[in-house]
Amino acid sequence: MDDHARLRAVLDTAVDGIITIDERGVIEAANAAAEQLFGYTASEVIGQNVKILMPSPYRNDHDSYLANYLRTGEQKIIGSGREVEGRRKDGSTFPLYLAVSEVSFGHRRVFTGFVHDLSDLKRAEEEASQLGHILEDSLNEIFVFDAESLRFVFVNRGASKNMGYTANEMFLL
């Protein structure tokens, strides 16, 4: 197996999406995970500006961010990562974690974006938040004890009200 085939196999079996762009923001490559994530085949996006994968306002501002970086060298996302939104082929948006790296080949620069879908994590966070609100706001008494010390580790408002103690007072009992 030659080096190119080996690299292609690694990219196509990566769990996260990997997309490379040139200095103008034009997509040069996208792996199988990126295809699945965004709903486009690689052949549909190669040659397109990467902003096709972004909703507004990112889409509107991307070219100016890239031009500013190329002009000033001021890094905003390159060399680090952040949470952003992606846009699928069907127009739906989703949360993703994006990390961007830069590689120079002589006088040419290529940027590689590593994208990870955060939809499941965001859904779990929302469910946990909703459950937390339900537990906290319940008029029923809800107590959670440490199994070893039998000390309170959680007391909701209903328990505090019905017992006549603040939660902090109950934690000290």
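1. The side chain of Asn49 makes a polar contact with the backbone nitrogen of Lys51, at 2.9 Å. Please keep in mind that this is a predicted model, so the distance is a computed one.

2. Where does Asn49 lie? Its place is the loop that runs between helix 3 (42–45) and helix 4 (58–72).

3. Is Asn49 buried or exposed? Asn49 counts as buried because its relative accessibility is 18%, and the cut-off for buried is under 20%.

4. Leaving aside residues up to four places away in sequence, Asn49 touches Arg24, Gly25, Val26, Ile27, His62 and Asp63. One of these, Ile27, belongs to strand 2 (27–30), while His62 and Asp63 fall within helix 4 (58–72).

5. Now to the sheet. Five strands form an open sheet in the order 2-1-5-4-3, with antiparallel pairing. Strand 2 (27–30) and strand 3 (81–87) are its edges, each pairing on one side only. On average, neighbouring strands are turned by 35° against each other, direction ignored.

6. In general, strands of a sheet pair through backbone hydrogen bonds.

7. Finally, helix 4 lies across strand 1 (17–21), strand 3, strand 4 and strand 5 (108–117). Relative to strand 5, helix 4 runs at about 140°.

Terms used: Residues are numbered from 1 along each chain as its sequence is written. This is a predicted model: local features need pLDDT of at least 70, side-chain atom pairs count only at pLDDT 80 or more; totals for chains, interfaces and linings use all residues. Side-chain values use heavy atoms; hydrogens and water are left out. Helices (H or I, at least four residues) and strands (E, at least two) are DSSP runs, numbered from the N terminus. Buried means under 20% relative accessible area, exposed over 50%, partly exposed in between (1.4 Å probe, protein chains only). A polar contact is a pair of N or O atoms within 3.5 Å; within protein, one must be able to donate a hydrogen and the other to accept it, and residues adjacent in sequence count only if both atoms are side-chain atoms. Contact means heavy atoms within 4.5 Å. Two strands pair if DSSP finds at least two bridges between them. Axes are lines fitted to C-alpha atoms, for helices over the stretch in contact, and angles run from 0 to 180 degrees between N-to-C directions.
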